[in-house]
Amino acid sequence: MPKESKSLYSAKLLINEIPVTVKSKRIKNMYLRVRAPSGDVEVSAPKQCSLNEIESWLFERHDWLIKQRKRIAMQPVQPELQFTSGEEHRLWGKNHILDVVVKTRGTSVRFMDDQLQLVSLPHYNAVQRKQILDRWYREQITREVKALLDIWQPRMKAYSSSFGIRVMKTRWGSCNIRSKKIWLNLELVKKPVECLEYVVVHELTHLFERYHNARFYALMDEFLPDWRERKKLTNQFT
Ligand SMILES: [Zn+2]
């Protein structure tokens with residue numbers, strides 16, 4: 001094994017297309033962290049470790065890494081949002097300026113002239129304004145899911161019994177193969193619509209095959225040949 005220089009260094013590695021920053025430190029053990037919200041991966045390694053060793057150590061933790069990055073990608077993009085005019089909010093993969101209009105009665109959201117107009121009551125705070133927008137997001141995604149099911153169920157000859165939208169921390173969707181009910185993550189309303197389509201087809205495919213095995217992926221290839229790119233887009237940080 002080549003002798004490492006004693007000076008501390010910083011290096012970049014690619015682990016299955018995930019960029020990783022390696023920092024050599026005077027420590028005993030390796031430490032791995034995935035930063036939120038960027039998804040940046042950082043490894044602190046003892047100074048005597050070679051890059052090869054670090055690389056194989058990372059490959060062993062590849063699945064964990066993917067899981068952590070997915071979890072972070074699912075978290076709301078900007079948790080510090082105040083829901084005031086001028087802020088950018090996301091819809092179907094694009095940012096739109098929020099225009100808050102205060103009225104003494106009635107709340108609503110309207111998408112017009114590339115802006116999101118949110119009608120709020122005067123005393124509403126950020127949490128309550130978020131609720132108004134989330135309710136509207138739920139309507140948008142529900143409409144889109146219905147349209148996608150109308151296309152994909154007859155095409156695939158796979159029919160769900162019903163679907164629901166909810167906030168999920170670790171998954172984009174799920175399918176109960178016994179009841180045939182499909183659940184979709186509300187956050188998908190902020191991703192390009194191709195991502196929602198990918199998740200819908202994925203969950204419908206579970207009606208044929210419960211497990212993520214070769215048969216499952218062969219069916220996905222047949223139904224949605226570009227599903228891998230869509231999957232990548234869904235888990236991308238933007
Ligand atoms: Zn699945």
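Where does Asp114 lie? Asp114 sits in the loop between S7 and S8, helices (H or I, at least four residues) and strands (E, at least two) being DSSP runs numbered from the N terminus. The model is predicted, so that local features need pLDDT of at least 70 and side-chain atom pairs count only at pLDDT 80 or more, while totals for chains, interfaces and linings use all residues. Residues are numbered from 1 along each chain as its sequence is written, and side-chain values use heavy atoms, with hydrogens and water left out.

The loop that opens this account holds another residue of interest. Asp113 is also placed between strand S7 (108-112) and strand S8 (115-120). The phi of Asp113 is near 50°, a positive value in a residue other than glycine, and Asp114, likewise not a glycine, has a positive phi of about 65°. With 71% relative accessibility, Asp113 counts as exposed; the class is defined as over 50% relative accessible area, against under 20% for buried and partly exposed in between (1.4 Å probe, protein chains only). Asp114 counts as exposed at 54% relative accessibility.

S5 is joined to strand S6 (residues 94-102) by 4 bridges, and the two run antiparallel. Within this pair, Arg90 stands opposite Asn95 in S6.

Leu14 stands opposite Pro19 in S2. The hairpin of S1 and S2 has 2 residues between the strands, and Asn16 takes a positive phi near 45° there. S2 also runs parallel to strand S4 (residues 41-46), to which 6 bridges join it. Lys25 of this pairing stands opposite Pro46 in S4.

A further open sheet is formed by 3 strands in the order S9-S11-S10, again with mixed pairing. Its edge strands are strand S9 (162-166) and strand S10 (173-176), each of which pairs on one side only. The twist from one strand to the next averages 15°. S10 and strand S11 (residues 181-185) run antiparallel and are joined by 4 bridges, with Lys181 in S11 as the bridge partner of Asn176. Helix H4 (residues 193-205) packs on the sheet and touches S10 and S11, its direction making about 155° with that of S11; contact means heavy atoms within 4.5 Å.

Next comes the metal site. The protein donors of the zinc ion are His202 (NE2), His206 (NE2) and His212 (NE2), lying 2.1 Å from it. Donors are taken as N, O and S atoms within 2.8 Å of the metal (3.2 Å for Na, K and Ca), and sites may look incomplete because water is not among the atoms. In sequence, the donor residues are spaced H-x3-H-x5-H. Both His202 and His206 are buried.

H4 also meets helix H6 (residues 227-234), the two axes coming within 9 Å and crossing at roughly 120°. The contact involves Glu194, Cys195, Glu197 and Tyr198 of H4, together with Trp227, Arg230, Lys231, Leu233 and Thr234 of H6. These residues divide into 4 nonpolar, 1 polar and 4 charged, where Ala, Val, Leu, Ile, Met, Phe, Trp, Tyr, Cys and Pro count as nonpolar, Asp, Glu, Lys and Arg as charged, and the others, Gly among them, as polar.

Pro225 is found in the loop between helix H5 (214-223) and H6. At 59% relative accessibility, Pro225 counts as exposed. The C-alpha atoms of Pro225 and Thr104 are separated by 51 Å, the two residues being 121 apart along the chain.

Note on methods:
Pairing = 2+ DSSP bridges. Axes fitted to C-alpha atoms, helices over the stretch in contact; angles between N-to-C directions.
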